[in-house]
Amino acid sequence: MTTPHQPESEPSQTSLRFQAGETLAEGLDRVIAEQFSIALAVTTAPADQQAVAVHSTRKALKRLRALLRLVRDTISLDCYHTDNQVLKLVGAELGTVRDSWVMADVLNRLLPHDPLRQPAVEQLVERLLERYRAESLALLENEAQMKSIIEQLEHASERSKRWSIVAGEADKQLPHAFSS
């Protein structure tokens, strides 16, 4: 089964960690910026890599929502709920593209590789992959929907600068303390 490969832009595990000498706010801002950069890479991906970029975007959105949950007690509830909802909805819009590929991948892994049944399994997997490619192409060619997704991500990226600020204190960064 031919499956999309992972793009080079995926973050390393160390880039998702706080670095020595970095404050909590600096680390959050850096990681958040990296994740939004990955999420917005769907706009610059070459045509043959856009489906993979959609997958990377969804993973980056999941990481961003996890970061948002980590700081929700220190930022305003309005900020948390608004940004969480936007990231969730954008991820859901992109999620339909992944369903066929996931079904094909799971089917290919779960069914025994019986030589008598293998041609039927391969045919079913290929049909699911064809559906995946068609849905990917339909989403990526829908200029209005892609423009909306990009605008929502750009606005969320701009608003994410509030994630490292204490609620109600526009110029005070989250304290660099374990309680934060």
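Author: An axis here is a line fitted to C-alpha atoms, for helices over the stretch in contact, and angles run from 0 to 180 degrees between N-to-C directions. This is a predicted model, where local features need pLDDT of at least 70 and side-chain atom pairs count only at pLDDT 80 or more, while totals for chains, interfaces and linings use all residues. Residues are numbered from 1 along each chain as its sequence is written, and side-chain values use heavy atoms, with hydrogens and water left out.

Reader: Okay, how many helices and strands does the protein have?

Author: Helices (H or I, at least four residues) and strands (E, at least two) are DSSP runs, numbered from the N terminus. Reading from that end, the elements go α-α-α-α-α. The tally is 5 helices and 0 strands.

Reader: How do α3 and α4 run, roughly parallel or roughly antiparallel?

Author: Helix α3 covers residues 77-110 and helix α4 covers residues 118-141; their axes come within 8 Å and cross at roughly 165°. Angles under 35 degrees count as roughly parallel, over 145 as roughly antiparallel, 65 to 115 as roughly perpendicular and the rest as oblique. So α3 and α4 are roughly antiparallel.

Reader: How many nonpolar, polar and charged residues are in that contact?

Author: Contact means heavy atoms within 4.5 Å. Among the residues that meet are L94, W101 and L107 in α3 and L128, Y132 and L139 in α4. Ala, Val, Leu, Ile, Met, Phe, Trp, Tyr, Cys and Pro count as nonpolar, Asp, Glu, Lys and Arg as charged, and the others, Gly among them, as polar. That gives 12 nonpolar, 4 polar and 3 charged residues.

Reader: And how does α4 lie to α5, roughly parallel or roughly perpendicular?

Author: These two pack with their axes 5 Å apart, at an angle of about 75°. That angle makes α4 and α5 roughly perpendicular.

Reader: Which residues of α5 make the contact with α4?

Author: On the α4 side, the contact uses L139, L140 and E141. From α5 come E143, Q145, M146 and I149.

Reader: How far apart in sequence are the parts that F36 and W163 tie together?

Author: Rings of Phe, Tyr and Trp (its six-membered ring) pair if their centres lie within 6.5 Å; planes under 30 degrees apart count as stacked, over 60 as edge-to-face and the rest as tilted. The count comes to 1 aromatic pair: F36 and W163 are tilted, 6.3 Å centre to centre with 50° between the planes. F36 lies in helix α1 (residues 24-40) and W163 in the segment after α5 (143-159), so the pair ties together parts separated in sequence by 127 residues.

Reader: Are F36 and W163 buried or exposed?

Author: Buried means under 20% relative accessible area, exposed over 50%, partly exposed in between (1.4 Å probe, protein chains only). Of the protein's 180 residues, 41% count as buried. F36 and W163 are both buried.
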